[in-house]
Amino acid sequence: MSSANPQADAQQILERMTRLRDEGIACQACELYKTRSNMVFGEGNVLSPIVVVGEAPGEDEDREARPFVGRSGKLLSQLLGAAGIRREDVWLTNVIKSRPLKMEGNRKTNRPPTAVEIRACNRWISTELDIIRPRIIIALGATAANQVIHRDFKMTMERGQWFLAAGPAIPTTMLPAGTGSDLKAGSVASENQLSMFDATPAPAAPTPPVANESAAWAIATFHPAYTIRQEGAALERMQQVTVNDFKLALVKLAELYK
Ligand code: SF4
């Protein structure tokens, strides 16, 4: 649905997202509110056709109340950049908004979110997607893919493939200039999967038939928190695969708006 006044639409989207964020800050819908320092809402370009969804905030994100600001977040920015996507041009968010943690001795460490926590937190990611209405959703890791693509997502088999996701398109009047290769808008996979992924560089974009013009397409790639734990050649390969998957998103976006 396009509008005669895209600026008014943009303002409305921004206001809806701001209201959602303000509401979310006080969320106590699961036990994680008791141990968090901050609820970590999404950030970035609320008008972007691309939303990147990760798993959950870690220690740095919890402290700074911003997603993807720790080591793995910096790697994410770097890999997005290598694909030609500026971090600030997309909307970055997580399935879970408060840090899931466990105690190891006196140390607080990250843990994967539980199914109960994911269910409780679903309203925030669902509403974010409903407000932004992206054309492309990039899921980082299996937890995000399970939530935004389908249950029991298999990273080994399904990473880098396109899936039709529910959700209407953003109005084309809000598209950034130069969508495509020139975007300038205003539970992590297990260790044994590493040797199984396809590291072929720059794969051709698989292109399922477009169901309708309001479809959102979703693709999954590795979570940078997993990638950063690799070393040597494995680290290199996983980074290259992730960059290629991000490039596929740009190819798909260009296809959708050609
Ligand atoms: S994880 Fe989500 S549902 Fe749980 S308290 Fe935080 S914001 Fe609320």
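The following legends describe close-up views of one predicted protein model.

Local features are given where pLDDT is at least 70, side-chain atom pairs count only at pLDDT 80 or more, and totals for chains, interfaces and linings use all residues of this predicted model. Residues are numbered from 1 along each chain as its sequence is written.

**View 1. Overall content of the protein.** The protein contains eight helices and eight strands; these are DSSP runs, with helices (H or I) of at least four residues and strands (E) of at least two, numbered from the N terminus. Of its 258 residues, 42% count as buried. A residue is buried if 20 or more other C-beta atoms, placed from the backbone, lie within 10 Å of its own.

View 2. The ligand has 15 residues around it, of which Cys27, Ala29, Cys30, Ser98 and Cys121 come nearest; a residue counts as near if its C-beta atom, placed from the backbone, lies within 6 Å. Helix H4 (residues 115–132) supplies the largest share of this shell, four residues. By class, the shell holds 10 nonpolar, three polar and two charged residues. Here Ala, Val, Leu, Ile, Met, Phe, Trp, Tyr, Cys and Pro count as nonpolar, Asp, Glu, Lys and Arg as charged, and the others, Gly among them, as polar.

**View 3. The open sheet.** Six strands form an open sheet of mixed pairing, in the order S1-S3-S2-S6-S8-S7. The edge strands, S1 (43–44) and S7 (163–165), each pair on one side only; two strands pair if DSSP finds at least two bridges between them. S6 and S8 run parallel and are joined by five bridges. Leu140 has Thr221, in S8, as its bridge partner.

**View 4. Helices on the sheet.** H5 lies across S2, S6, S7 and S8 and runs at about 140° to S6. H8 also packs on the sheet, touching S2, S6 and S8, and its direction makes about 170° with that of S8. Axes are lines fitted to C-alpha atoms, for helices over the stretch in contact, and angles run from 0 to 180 degrees between N-to-C directions.

**View 5. The largest nonpolar core.** In soluble globular proteins, nonpolar side chains tend to be buried together. The largest core has 51 residues, of which Val51, Val53, Ile137, Ile138, Ala139 and Ala249 touch the most other members. A core is a set of buried Ala, Val, Leu, Ile, Met, Phe, Trp, Tyr and Cys residues joined through C-beta atoms within 7 Å. Leaving aside neighbours within four places in sequence, Ile138 is in contact (C-beta atoms, placed from the backbone, within 7 Å) with Ile50, Val52, Ile219, Thr221 and Ala249.

Definitions and conventions
A residue is buried if 20 or more other C-beta atoms lie within 10 Å of its own, exposed if 12 or fewer, and partly exposed in between; C-beta atoms are placed from the backbone. Two residues are in contact if their C-beta atoms, placed from the backbone, lie within 7 Å.
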